[in-house]
Amino acid sequence: MNAFDLASPGRRGFLRKSALAGGGLVLGFYLNGASNAAEQVAKPSAAPGAEFRPSAFIRIGRDGIVTLISKQPEIGQGIKTSLPAVIAEELEVSWKDVRIVQGDLDPAYGRQSAGGSTSTPTNYDEFRRLGATARAMLIEAAALTWKVPASECFAADSAVHHRPSRRKLGYGQLVERAAGLPVPDPRSVVLKDPKDFKLLGKRISGVDNHAVVTGLPLFGVDTRLPGMLYAVYEKSPVFGGKVKRANLDAIKALPGVKDAFVIEGTADLRGLLPGVAIVAESTWAAWSARKQLQVEWDEGRFADQSWAGFVAEARRLSSKPGTTTLRKDGDVNAALAGATQTVEAAYTYPFISHASIEPQNCTAWWRDGSLALWAPTQNPAAGQELVTATLGIPKEKIVLHITRSG
């Protein structure tokens with residue numbers, strides 16, 4: 001695997017041909033901010049065995065295995081299990097037949113980020129309808145195979161059943177026939193009554209649990225590539241400070257160190273901050289070298305700022321009227337004036353690092369004019385945009401693999 005192969009236009013063509021060779025049924029939709037995602041279900045070719053578009057959330061193989069794509073970053077909230085379960089519920093597939101794959105960053109998946117507890121409400125209705133649409137197609141495929149009305153058939157446990165004759169066909173036996181059917185209007189498919197749910201509302205073990213407790217590679221820091229090097233980055237202790245000078249020659253001479261250099265950073269302080277990078281053959285060599293790094297910093301305009309100063313400024317501002325009203329109900333001042341008792345309190349919180357247990361990390365592979373990234377990121381699209389803005393690499397030349405976050 002290399003970054004060029006992953007990023008090239010031929011990648012999607014390869015996926016199409018692979019699905020055809022496997023005889024799979026692939027059903028996907030595009031999320032468009034201005035329209036209903038379920039109404040944009042990709043139309044399949046009429047040819048038996050044809051696939052849908054490569055931005056697929058569902059893939060059913062001839063072996064009956066149902067592969068579901070999890071598009072959101074998994075940072076411990078369980079979304080890699082719960083969102084695919086929404087599809088599986090409507091698809092009437094046995095959980096034992098489900099395989100879940102973490103999706104890379106792809107515009108076809110729509111919004112891919114973790115934060116604010118928005119993943120479930122944003123995707124729930126769409127994913128239910130997507131599962132129900134695939135179920136309807138499989139039922140239609142079975143009805144055509146048996147030459148019976150679809151109304152006599154129902155789906156359950158990864159199979160379509162015929163009520164009068166008690167016959168059944170597994171999903172794997174139906175993919176070729178289903179792949180050639182037109183996709184029904186998503187608004188016409190019938191969603192399950194929640195009282196009939198078999199997965200949702202039940203305890204389901206996280207799909208990564210066994211891998212997590214047994215130490216299998218899942219996280220960003222587990223990424224390994226042939227001949228990879230390791231880098232550490234030293235930034236100013238003051239936000240936005242710049243490097244005046246550093247003992248780079250001494251660092252470069254240390255065992256295992258491949259290079260050491262100053263990075264000026266970007267004008268936007270929300271981007272790459274100035275610092276010194278050390279590249280080495282191992283993490284030990286990189287960390288050991290950083291301990292010997294000596295940097296003289298130009299601390300800049302934020303040198304006099306402090307947490308104590310922020311607290312004092314917050315107290316000063318709290319005595320003034322607010323500049324923005326988010327919501328206004330009733331007359332608060334009148335209510336307080338007429339109250340028999342009022343309680344006033346000020347709340348503060350310490351200035352602490354919003355840091356994950358897993359060390360911050362990213363693996364990058366630049367090859368043949370393209371860049372592949374492996375990162376435990378909550379907001380992969382913003383990360384891709386930052387790389388584009390900083391390095392001038394077009395988005396279409398950047399492939400971002402979303403790893404599980406620790």
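These legends describe close-up views of a predicted model.

The model is predicted: local features need pLDDT of at least 70 and side-chain atom pairs count only at pLDDT 80 or more, while totals for chains, interfaces and linings use all residues. Residues are numbered from 1 along each chain as its sequence is written, and side-chain values use heavy atoms, with hydrogens and water left out.

**View 1. The whole chain.** The chain holds 11 helices and 15 strands. Helices (H or I, at least four residues) and strands (E, at least two) are DSSP runs, numbered from the N terminus. Of the 406 residues, 41% are buried. Buried means under 20% relative accessible area, exposed over 50%, and partly exposed in between (1.4 Å probe, protein chains only).

**View 2. The largest nonpolar core.** This core has 41 residues, and F57, I58, L91, L138, V160 and Y171 have the most contacts inside it. A nonpolar core is a set of buried Ala, Val, Leu, Ile, Met, Phe, Trp, Tyr and Cys residues joined through side-chain atoms within 4.5 Å. Elements giving two or more residues to it include β3 (66–70), α3 (79–91) and α4 (119–146). The largest share, 10 residues, comes from α4. A second, separate core has 15 residues, including V243 and A285. In soluble globular proteins, nonpolar side chains tend to be buried together.

**View 3. The buried side of α5.** Y171, G172, L174, V175, A178 and A179 are the buried residues of α5. They lie on the same side of α5 because they cover an arc of only 150° around the axis. The arc is that of the directions from the helix axis to the C-beta atoms.

**View 4. Two loop residues with positive phi.** K147, in the loop between α4 and β5, has a phi near 60°. K147 is exposed, at a relative accessible area of 74%. R166 sits in the loop between β6 (159–162) and β7 (167–170), and its phi is positive, about 60°. R166 is exposed, with 79% relative accessibility. Most residues other than glycine have a negative phi.

**View 5. A nonpolar surface patch.** W307, F310, Y349 and F351 make a patch of about 510 Å². Accessible areas come from the Shrake-Rupley method with a 1.4 Å probe; for residues, only the protein chains shown count as cover. Y349 is exposed, at 62%.

Definitions and conventions
Patches are made of residues with over 30% relative accessible area and no salt bridge: like charges are joined within 9 Å, nonpolar side chains (Val, Leu, Ile, Met, Phe, Trp, Tyr) within 5 Å. A salt bridge is a side-chain nitrogen of Lys or Arg within 4 Å of a carboxyl oxygen of Asp or Glu.
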